[in-house]
Amino acid sequence: NAERLGIRGYRPVDLERYFLLSIPDAAQSPSLERYCDLKTGLQKLGGAVYLSMPTRPASASDAYLGPAQVAPQMGDQSVLGGIGALGLLSRGPLGSTVPAPLTGTGQVVIDVEFAWHQLMSHCKVLPGPAGASDWESNDPSEIQHGTAVAAIVVGGGVTAQMSGIAPNASFFKAPVFVNVGTPGEPILEPSLLSAIVNAGLELERLKLEGSLLGPGVLLIEQQTGDRRPIECSPAEFAAIQLVAGNNNVVVLPAGNGARDLDLVMGLYTDPVTGALLERSLDPDAGGPTSGAIVVAAACSGRGMEEGVGGELFPTSNYGKIIDCWAWGDSIATLGLGLDEQGNVALRPHPDGFGETSGAAAIVAGAVLLMLQMRTAAGQKALTLPQVRELLRDTTMNTVGAPPLLTSKCMPNLAGMQDKIENGWPEPT
C-alpha cells in the first residue's frame, strides 16, 4: 500500500525499536520511581521509550453537532464560507473561492498539539492513550497555539460565533504531553510518537466502522528543537510513514528555521540492522520518504513583514520537499481574552496568527474540503498521491512569488474544483 501511495523506504518493522510503556489507569499505575526503573531497563535494550496514558473520558460537551456559526466580520475581511484575512485559500476573497455547500461534513482531522483551551469543547479528545488533560499546560502560549489552530480548521464552536474553514468536520485533539507526576508536582513526559500512532489507529477505526469513507487528515503541529520538520526525527518519521501508508493525508509545517531543506538531513532507523542512518530531505535524492504533505509559509503582503504577497515568509523553511504554501501572517483566528465580566473567553487572536503553523492549519482545512468535494460529486475518494498532485499543480492554484516559491502554490479550491470532481474517472 505504501508503494502504491508513493512512499519510499517504508518498512512496517520500523516502529519495533520504540517501546510504548502504557499505564492504563493512573490510580493503579506504578510509582514514578518504578516507571523510571522500567524506562531505564527498556532503554538498555536499545530502543527509545515513550509513555502513553489515557485521556480524560469523553463527555457530552465534547460532541459538537450544532450548525456552523459565522462571524459577520473578522478584521476587514468577511469570513463567510471560511475564516481568514486576505483570502486564505486563494489570492481573492475567500467567499469567492469556496463553493457554498462545503463545510467539511463527513471528514475527520486529528491535530497533534501541546494544548488547547477547554473552551474548544466542540473539539473531541482522541480516545485511547494519547495524553492527560487536553488543555493544561505550563506555557500559556501553547494553549493559545492549539486554540488558534483548531479555530482555523473548524472554528470556535457556537459560543465563539466564528466559523473555520471546515466547521462541520470532526476535529480530534491528540495531546503531546502526559502528566506522570503527582498533583501539584507535575512531570511532563513527551509522547509525540504515542500521539501520532494513536491518531493513526483512530483513523483506521473510523474507517472500519464506516464513519470515515476516505482518507483522514492528521495535522502534526510540531517541529524539531532546531526548527526542522518533525519528520527529521527517526521515531516520528516511522510513525508518519505508518499513518500515511494507510492512505491518510499527514500535514506537516515545514518548520520556522529559515533553512534550505535540500541541505538538511533527517534520521531514520534501518529496518534490518536497527542503526540510525541519515537521509536527505531532498526528494530527488532517492532516499526514504515519509509521505507527508509539507507546508511552507508566505507573506500576505499586508502583515507586519510588509513583504510582497506570496513571498517566502522570513522564518519559513523552504526546498524541494515543500508541497504547497499558505499565509504565514495576519491569519484571522481565535485566541484567549477576557469578556465583559472578566472571564476568559474566545476572542479574535490579538496579533493574528502565522508562520508555518498557521500555514499548515490552512492547508489541512483546505484538504478536508477537497475530500468532501470529491465524495459529494459521487466519485471514489481521493488518494494521498492525488491530493499531493492537486496541491502541487501550478496551473490550478495560486503560484508564489520568486525566487523561492516560484514553483509552489497555495490551494485554490475554485481552481481545483473541476479536477477534483471529474479527474481520475473510474474505468467503465
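## A buried aspartate in a loop

D329 is buried in this predicted model, where its relative accessible area comes to 7%, a value that counts as buried because it lies under 20%. The residue D329 sits in the loop that runs between β13 (324–327) and β14 (334–338). Although D329 and F313 are separated by 16 residues in sequence, their C-alpha atoms lie 8.1 Å apart in space.

The side chain of D111 does make a polar contact of 3.2 Å with the side chain of W116. When neighbours within four places in sequence are set aside, the residues in contact with D111 are W116, V149, F171, F172, K173, A174, L219 and E221.

## A nonpolar patch on the surface

On the surface, L119, L338 and V344 form a nonpolar patch, and together they have about 250 Å² of accessible area. L119 is located in the loop between β3 (108–113) and β4 (124–125), and its relative accessible area of 31% makes L119 partly exposed.

## The covered helix α4

Helix α4, which spans residues 234–244, is mostly covered, with 10 of its 11 residues buried. The buried residues of α4 are P234, A235, E236, F237, A238, A239, I240, Q241, V243 and A244.

Terms used:
Residues are numbered from 1 along each chain as its sequence is written. This is a predicted model: local features need pLDDT of at least 70, side-chain atom pairs count only at pLDDT 80 or more; totals for chains, interfaces and linings use all residues. Side-chain values use heavy atoms; hydrogens and water are left out. Patches are made of residues with over 30% relative accessible area and no salt bridge: like charges are joined within 9 Å, nonpolar side chains (Val, Leu, Ile, Met, Phe, Trp, Tyr) within 5 Å. Accessible areas come from the Shrake-Rupley method with a 1.4 Å probe; for residues, only the protein chains shown count as cover. A salt bridge is a side-chain nitrogen of Lys or Arg within 4 Å of a carboxyl oxygen of Asp or Glu. Helices (H or I, at least four residues) and strands (E, at least two) are DSSP runs, numbered from the N terminus. Buried means under 20% relative accessible area, exposed over 50%, partly exposed in between (1.4 Å probe, protein chains only). A polar contact is a pair of N or O atoms within 3.5 Å; within protein, one must be able to donate a hydrogen and the other to accept it, and residues adjacent in sequence count only if both atoms are side-chain atoms. Contact means heavy atoms within 4.5 Å.
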